[in-house]
Amino acid sequence: LGLPLVAMAPMVARVASLGLMLLARRSFAVERAGVTPLQKVLQMLDGMVAKGKREKHEEEVEFAKFHEWCDNTREETAKSIKEAAAQIEQLTADIAKAEADAERLAGEISELEGGIAQAESELKSATELRGKENSDYTATHADLSESVDAIERAIAVLKSHGADVPQSLLQLRDSPRIPAEAKAAIESFMAMSSGDSEMASPEANAYEFQSGGVVSMLEKLRHKFQDQRLAVEKEEMNAKANFEMLAQKLTDNIKEDKKRVADKTATKAQRRDDAATAKGDLASTEATKAEDEKKLEDTLTSCHSRSVEFEQNQVVRSEEVKAIEKASEILRSDDVSGNADKYLPALVQVRRARQAMALVQLRGGETVDQAQLRERVSSFLEAKAKKIGSQYLALVATHAGADPFAKVKKMIKDLIVKLMEQANKEADHKAYCDTELATNKQTREIKQSEVEELSASIEKKSAESAQLAEELTELSDAMAQLRKEQAEATAMRQKEKATNTQTIADAKSAQVAVQRATKVLKEFYAKASGDASLLQGGGRLDTAMAAAAQEPYTGMQSEHGGIVGFLEVILSDFARLEAETSSAEDAAATAYEKFMDESTEDIAVKTTATKHKTSKREQTEAAIASEKKELDLTQQELDAALAYYDKLKPECVDHGLSYEERVRMREEEIQSLKEALEILNQQDLA
């Protein structure tokens, strides 16, 4: 879209004025060359159009290359930033995981070291206790061995009636392990043996009897002490074996725990190294990301600035070409070209006629003061035109120097009105543009924000839906596994119940059969024993027959007792089998019911969770579909707003001079025209 026609007027006027100036300056040379001034101007304008189009195309080509570079740089930098963000997220997670692993390993190492210290303490305590036990055993064993040796020597001396009996018995009496009654017997025996060595025969018999009792007593003591020594030796062996087993177990545990501590310490150090390395990588990645973000920001700023500059230049170039073409069209029209062909050859005569007419006008009505005043106004307007670059003032200055006095005043008034109307129109257009641009900017920002929010929400809900789908799959698999375990447990329980039921029935049948067999045997042998008593007491047999007859047969009474005992043991075994099987059946039934209840409850909980998650996933999918639809509509609204902004830019975005600069220039033009009019009005008052 081009500028408004009102805005094009100054440009057309400038081109036309330029053409007229060129026409005036080169008319003489053109006439001599055989080319009219108008034709030369048209040639120059055609050259300007060609040059403007060529430069516009060259600028488009250069900007296309620059735009491609901007796109490539933006894509590469954005991709690098995205990859860095993902890497930062991964490195942050790796650091947290490594530090958590190191902390967890530190706790495990502390626990293991505590276990090692406790095991070493237990091993030390056990070793000390074992040493004390061994010392006690050594003393006790030696004491018992000495007592056994002393008893054996005393027995040997007593049996040999040797002379050292008192000495042997005295050593034995002083032993701390000899009971008080044994010591009393020894002292009594020593008292008897300390009497007269020449005893009578009855006293010798008494001595023999007393020594035999002492020997018997000592034999018992010797066996007792030997049994005690054997018991002590067994206890020592057991204690030693238990200690060695405990010591070996503790030693193995300590060794294994120390190995685990060493492994975990190495792993902890490695994880800390991993965390430190990841932190270094994180810092480097964050720095690189910051550089890329700065590069992207600078690139976007530069590309945007260059794009705005390009658009402005393109608009100016397009309007310049249009203005030149419009001026060329005007100059080629019949009003200009036809009249130029008709009148320009007599240009010199026309000029002379104008000079003569001016003299006539001067002589006929315009005074010298008025002529000087027109020249003053012309000079004033020409200076103002050069100062602010106004073609309007330059055009008025030209007319003020050539046109009559009254015509100049009317032209200035008309131009002031025209400029004020143009200012009003441009102010209205500026208000319209400001309103539309502000509204469009707000719409674009709102819709862009909504698009980003909806996209983020859709992405988040899609992740939630995927997570819910995964959780539903896990719940379904878990419930299927529970049902499979229930089916297996039910089949196993039915099989186990059938086996237990059959075992209980068989045990009961066996008990009945054993009881019957026991009853049969008991009744038979009781009856057999009773019949034999009757036969032995019968008075009808004579004495000879009774003497000649053998003892009545009563059955295998001795074996019967053993068999009945075995049957009673078997009966108790079957009774125990029934009781244990019944107890096992009850326990298995209870465990089965508990397992089924817990698994059924777990399935119910998972079923509820499945329903809840399924409903939540359906709601999430519905929300995603709704948000996608809303996103499409919002994107369409954003695209429409962007398209409208592109439509507004040619009309409303400043190209070249800003609105404020144009207003200032127009105000200066109006003020200058007013001052010129005031100068002319002063002459009227004079």
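This is a predicted model: local features need pLDDT of at least 70, side-chain atom pairs count only at pLDDT 80 or more; totals for chains, interfaces and linings use all residues.

Q: Why is the pair of F63 and F66 called tilted?
A: The ring centres of F63 and F66 are 6.4 Å apart, and the limit for a pair is 6.5 Å. Their planes meet at 40 degrees, whereas stacked requires under 30 degrees and edge-to-face over 60.

Q: What separates F63 and F66 along helix α3?
A: F63 and F66 are three residues apart in helix α3, which means a separation of about one helical turn. Both residues are buried.

Q: Which residues do ring pairs link into a cluster?
A: The cluster consists of F63, F66, W69 and F310, linked through ring pairs.

Q: What sits over the ring of F66?
A: The charged end of R306 does, at 4.7 Å from the ring centre. The distance limit for a charge over a ring is 6 Å. R444 likewise lies over the face of Y645, 4.1 Å from the centre of that ring.

Q: How do you know that C70 and C303 form a disulfide?
A: The sulfur atoms of C70 and C303 are 2.0 Å apart, and the rule asks for a distance within 2.5 Å. The pair therefore qualifies as a disulfide. By this rule the count comes to one disulfide.

Q: Which parts does the pair of C70 and C303 tie together?
A: C70 lies in helix α3 and C303 in helix α6, which covers residues 201-332. The pair therefore ties together parts that are 233 residues apart in sequence.

Q: What makes E55 neither buried nor exposed?
A: E55, which lies in helix α3 (residues 37-160), has a relative accessible area of 29%. Buried would require under 20% and exposed over 50%, so E55 is partly exposed. E55 and R317 are 262 residues apart in sequence, but 8.6 Å apart in space from C-alpha to C-alpha.

Q: Which residues touch the most other members of the largest nonpolar core?
A: They are I151, I155, L158, V214, L218 and F225, in a core of 14 residues. Helices α3 and α6 each supply at least two residues of this core. A second, separate core has nine residues, including L112, A247, L250 and V261.

Q: How do you know that K447 counts as buried?
A: K447, placed in helix α11 (residues 405-536), has a relative accessibility of 16%. That value is under 20%, so K447 counts as buried.

Q: What makes the approach of K447 to E637 a polar contact?
A: The side chains of K447 and E637 come to 2.5 Å, and the limit for a polar contact is 3.5 Å. Leaving aside neighbours within four places in sequence, K447 is in contact with T634, E637 and L638.

Q: Why is K418 called partly exposed?
A: K418 also lies in helix α11. Its relative accessible area of 42% falls between 20% and 50%, so K418 is partly exposed.

Key
Residues are numbered from 1 along each chain as its sequence is written. Side-chain values use heavy atoms; hydrogens and water are left out. Helices (H or I, at least four residues) and strands (E, at least two) are DSSP runs, numbered from the N terminus. Buried means under 20% relative accessible area, exposed over 50%, partly exposed in between (1.4 Å probe, protein chains only). Rings of Phe, Tyr and Trp (its six-membered ring) pair if their centres lie within 6.5 Å; planes under 30 degrees apart count as stacked, over 60 as edge-to-face and the rest as tilted. A charge sits over a ring if NZ of Lys or CZ of Arg is within 6 Å of the ring centre and within 35 degrees of the ring normal. A nonpolar core is a set of buried Ala, Val, Leu, Ile, Met, Phe, Trp, Tyr and Cys residues joined through side-chain atoms within 4.5 Å. A polar contact is a pair of N or O atoms within 3.5 Å; within protein, one must be able to donate a hydrogen and the other to accept it, and residues adjacent in sequence count only if both atoms are side-chain atoms. Contact means heavy atoms within 4.5 Å.
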